[in-house]
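I opened this notebook to keep a record of what I looked up in one chain, going from the whole chain down to single residues.

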Amino acid sequence: MTRMGTPFNAKTTAAEILAGVDLTGRRIIVTGGASGIGLETVRALRGAGAEVTVATRNPTSGRRALDLSDLGSVRAFVAGWIGPVHAIVANAGIMALPTRQVAANGWELQLATNFLGHFALITGLRENLRQAGDARVVMVSSGAQLLAPFDFDDPHFERRPYDPWVAYAQSKTADVLLAVGAARRWAADGITANALEPGYIHTNLQRHLDDDTMRAAGAMDDEGNLVTPDHYKTPEQGAATSVLLAGSPLLEGVTGRFFSSDNQEAEVVSGGPDATTGVAAWSVDPAAADRLWDYALTATADR
């Protein structure tokens, strides 16, 4: 399969992606759309005329409550949705919690928030996506998916030692596999599903990182001030790939693919500690996607 290219690059903003695009009449859900790249995703989609619902844990005016780590909250959101949904941007997430934390149902919190809650939301709204006729599922993953496959034997770190980055990485691998699984199952319903990495951006996602980690990334100086290296993007640029997948006519009919932060489809590579770009083969493996889909269906049905 030939990799897809676009006329955009890593510095393109979300608004530039949708320049001249009319999304009037399209109903789009953005999880975690109250800050960071989620907020910029919402602004760009609304700027193109879309009706955007912001789903967040702490709703205010114009937002709807959604706690992805709580299946009761997810089911309430699904039950309250009426009519078609043209796109879901699974943007909400947490990163590198320093100690193992679990949701009320015992799930490791990064996997619960980043993947399982989104899985329950998206599968719960399948009929609404089908009603749209040409709906899109957009999974905001990360370059961290290069670091670890999904561990089917111990996904919640109940036996293996907890590692913040391994936990984050497997949750982001799972996000890509969700897109692959949805693409394999829902094409006949006119639903496409793709995943992406937004790149490096200063947002609240880094709130759990210590100063040494931030300095090692070149994102903090010796005095504790945030700095912006050349490879970092602004939030407006960081939202571009999400908006590309959610609203650009260039993505019509495109499904089951992973796009890098330069707004191009990524090359499939061997994952591991030496990998820096591309999408890991384990993140787009159809057999792993099918196995994960079955696991998630059982997990979200039982809790």
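The entries below follow the order in which I looked things up.

**Entry 1, ground rules.** I am working with a predicted model, in which local features need pLDDT of at least 70 and side-chain atom pairs count only at pLDDT 80 or more, while totals for chains, interfaces and linings use all residues. Residues are numbered from 1 along each chain as its sequence is written, and side-chain values use heavy atoms, with hydrogens and water left out.

I noted 10 helices and 11 strands in the chain, where helices (H or I, at least four residues) and strands (E, at least two) are DSSP runs numbered from the N terminus. Of the 303 residues, 55% are buried, and I take buried as under 20% relative accessible area, exposed as over 50% and partly exposed as in between, with a 1.4 Å probe and protein chains only. The accessible surface comes to about 12,600 Å², and carbon and sulfur atoms hold 49% of that surface; the areas are from the Shrake-Rupley method with a 1.4 Å probe, and for residues only the protein chains shown count as cover. When I took the contacts (heavy atoms within 4.5 Å) between residues at least 6 apart in sequence, 73% of them joined residues at least 24 apart.

Which residues touch the most other members of the largest nonpolar core? They are Phe115 and Leu129, in a core of 57 residues; such a core is a set of buried Ala, Val, Leu, Ile, Met, Phe, Trp, Tyr and Cys residues joined through side-chain atoms within 4.5 Å. The elements that give two or more residues to this core include helix H4 (109–124), helix H5 (126–132), helix H6 (164–186) and helix H10 (286–302), and strands S4 (87–90), S5 (136–140) and S6 (192–196) are also among them. Apart from this core I found another, of 32 residues, among them Met4, Val52, Val138 and Phe259. Leaving out residues up to four places away in sequence, I listed the neighbours that Leu129 touches as Val85, Ile88, Ile122, Ala135, Arg136, Val137, Trp186 and Ile191. As a general note, nonpolar side chains tend to be buried together in soluble globular proteins.

I next went to S1 (residues 27–31), where 5 of the 5 residues are buried. Arg27, Ile29 and Thr31 point one way from S1, while Ile28 and Val30 point the other way. S1 runs parallel to strand S2 (residues 51–56), with 5 bridges joining the two, and I count two strands as paired if DSSP finds at least two bridges between them. Within that pairing, Ile28 has Val52 as its bridge partner. S1 is also joined to S4, again in parallel, by 3 bridges, and there Val30 has Val89 as its bridge partner. With helix H2 (residues 36–47), S1 and S2 make a right-handed β-α-β unit; right-handed means that, with the strands pointing away from the viewer, the path from the first strand over the helix to the second runs clockwise.

Why do I list Arg27 as buried? Its relative accessible area is 18%, and therefore Arg27 counts as buried. The side chain of Arg27 makes a polar contact with the side chain of Glu51 at 3.5 Å; the term stands for a pair of N or O atoms within 3.5 Å, where within protein one must be able to donate a hydrogen and the other to accept it, and residues adjacent in sequence count only if both atoms are side-chain atoms. Beyond four places in sequence, Arg27 touches Glu51 and also, among others, Trp81, Ile82, Pro84 and His86.

S5 and S6 run parallel and are joined by 5 bridges, and Val137 stands opposite Ala193. S5, H6 and S6 make a right-handed β-α-β unit. S6 also pairs with strand S9 (residues 258–259) in the parallel sense over 2 bridges, where Leu196 stands opposite Phe259.
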